[in-house]
Amino acid sequence: MRITALAGGVGGARFLRGLIAAAPAAEITVIGNVGDDMTMHGLRICPDLDTVMYTLGGGIHEGQGWGRAGETFGVADELKAYGVGPDWFTLGDKDIATHLVRTRMLGAGYPLSAVTEALCTRWELPVRLLPATDERVETHVVVDDADAPGGRRAVHFQEYWVKMHAPDAHAIVSVGVEDAKPAPGVLEAIGEADVIVLPPSNPVVSVGTILAIPGLRQAVADAAAPVVGLSPIVGGGPVRGMADKVLAAVGVEVSAAAVARHYGADLLDGWLVDADADSAAVAQVEAAGIACRAVPLLMSSPEATRAMAQAALDLAAELAGPAAGPEA
Ligand code: GDP
Ligand code: CA
């Protein structure tokens, strides 16, 4: 079985561990978000790709959900001693090595997809990880700023989230997305998949940014495989992160049903909502033409996460109809 998943960072990576546990024999391709990428100290940083890589490769800081286990901060301490900022974004020493390798390879002319493949070789990833695009696409967020002309300013997503702690936002802009193309292998992974999964990643700044790459959303909508998503919104709020703020910025209500409708029935065949908090959403989602089931949706343990992934695969199998016989 070939499974293709569109993933952001922490939420996506955690879910992918459950997906691998639920389908250990499957060939899994992960299409990763690059909208959070940025350049700092001259280093190219891809937070979501790295979170997936470290999580599935066994190098993640488990408690935090991002960054390396056993990290040290010698470089960060030295930068501080020089008075060199920004002070709101700290890079660990081990993590810096990843960014050095990436930046050096990009500088030598390799596309991000080739760089990501090279980085993942070291981690012996059990999935194929593809950046959604080799072009630069960076998410910016329009926020209030009394000192700016017009009273508003666009900041990089990392500044919005890490420095500003996600204040109310007016708009989300994917800078560069018009000129981006799906990275090599992305459209094939969508077209050849038996199942396409949307993990409970942020529907705006993670999955939304991936789908905004020209041709990508259409490829998912046109794919022969059933497309099943899991709600990142449980009981009217994000389980963690700032999905409520960015959903509001794009005019979408913060509810499990509204996120399904935002993705749309042309894209989604199936949707999972949380059984404890959102079972009332099932009828609303089905009324929008999307098959919906209520199952526990909290990734509170590896087993709970595996069961979530299994529920997504079960719904996909149901939507694909009875399996063709051997002669078919
Ligand atoms: P990020 O790039 O690190 O923000 O990670 P993602 O975009 O992949 O995932 C973030 C989303 O995961 C947030 O909107 C959370 O609401 C969602 N999330 C995190 N933990 C859980 C969980 O246990 N269950 C569900 N259903 N969603 C979760
Ligand atoms: Ca992210």
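Visitor: Let's start inside. What does Val220 touch?
Guide: This is a predicted model. In it, Val220 touches Leu6, Ile190, Ile196, Leu211, Val227 and Leu267, leaving out residues up to four places away in sequence.

Visitor: Which element gives the largest share of it?
Guide: H13, with seven residues. As a general point, nonpolar side chains tend to be buried together in soluble globular proteins.

Visitor: New topic. What order do the seven strands of the open sheet take?
Guide: S5-S2-S1-S9-S10-S13-S14, with parallel pairing.

Visitor: Which strands are at the edges?
Guide: S5 (128-131) and S14 (291-295). Each pairs on one side only.

Visitor: How many degrees are neighbouring strands turned against each other on average?
Guide: 20 degrees, ignoring direction.

Visitor: Zoom in on S1 and S2. How many bridges join them?
Guide: Six, and the two strands run parallel. Thr4 stands opposite Thr29 in S2. S2 is mostly covered, with five of its six residues buried.

Visitor: And how many bridges for S9 and S10?
Guide: Three, again in the parallel sense. S9 spans residues 195-198 and S10 spans residues 227-230. Leu198 is opposite Gly229 in S10.

Visitor: Which strands does H1 lie across?
Guide: Helix H1 (residues 10-22) lies across S1 (2-7), S2 (27-32), S9 and S10. It runs at about 165 degrees to S1.

Visitor: What about H13, which strands does that touch?
Guide: Helix H13 (residues 302-320) packs on the sheet and touches S1, S9, S10, S13 (270-274) and S14. Its direction makes about 145 degrees with that of S13.

Visitor: Now voids. How many cavities of 30 Å³ or more?
Guide: One. The largest cavity holds about 30 Å³ of space.

Visitor: What lines the largest cavity?
Guide: Val10, Ala13, Arg14, Arg17, Thr55, Ile60, Glu62 and Gly65. H1 supplies the largest share of the lining, four residues.

Visitor: Does Ile60 count as buried or exposed, and why?
Guide: Ile60 counts as buried because its relative accessibility is 5%, and the cut-off for buried is under 20%.

Visitor: What is Ile60 in contact with, neighbours within four places aside?
Guide: Arg17, Thr51, Tyr54, Thr55, Gly65, Trp66, Gly67, Arg68 and Ala69. For scale, Ile60 and Glu71 are eleven residues apart in sequence and 9.7 Å apart in space, C-alpha to C-alpha.

Visitor: Last one. Where is Gly185?
Guide: In the loop between strand S8 (171-175) and helix H7 (186-191).

Visitor: Buried or exposed?
Guide: Gly185 is buried, at a relative accessible area of 17%. Neighbours within four places aside, Gly185 is in contact with Arg128 and Leu130.

Visitor: And how far is Gly185 from Gly321 in space? What about in sequence?
Guide: Gly185 and Gly321 are 27 Å apart in space, C-alpha to C-alpha, and 136 residues apart in sequence.

How values were computed
Residues are numbered from 1 along each chain as its sequence is written. Chains are lettered from A and ligands numbered from 1 in the order in which they are written. This is a predicted model: local features need pLDDT of at least 70, side-chain atom pairs count only at pLDDT 80 or more; totals for chains, interfaces and linings use all residues. Side-chain values use heavy atoms; hydrogens and water are left out. Two strands pair if DSSP finds at least two bridges between them. Axes are lines fitted to C-alpha atoms, for helices over the stretch in contact, and angles run from 0 to 180 degrees between N-to-C directions. Contact means heavy atoms within 4.5 Å. On a 1 Å grid over the protein atoms alone, a cavity is a set of points where a 1.4 Å probe fits but cannot get out, and a pocket is an open set with protein on both sides within 12 Å along at least five of seven lines; lining residues have an atom within 4 Å of a point. Grid points are joined across faces, edges and corners, and a volume is the space filled by probe spheres set on the points. Buried means under 20% relative accessible area, exposed over 50%, partly exposed in between (1.4 Å probe, protein chains only).
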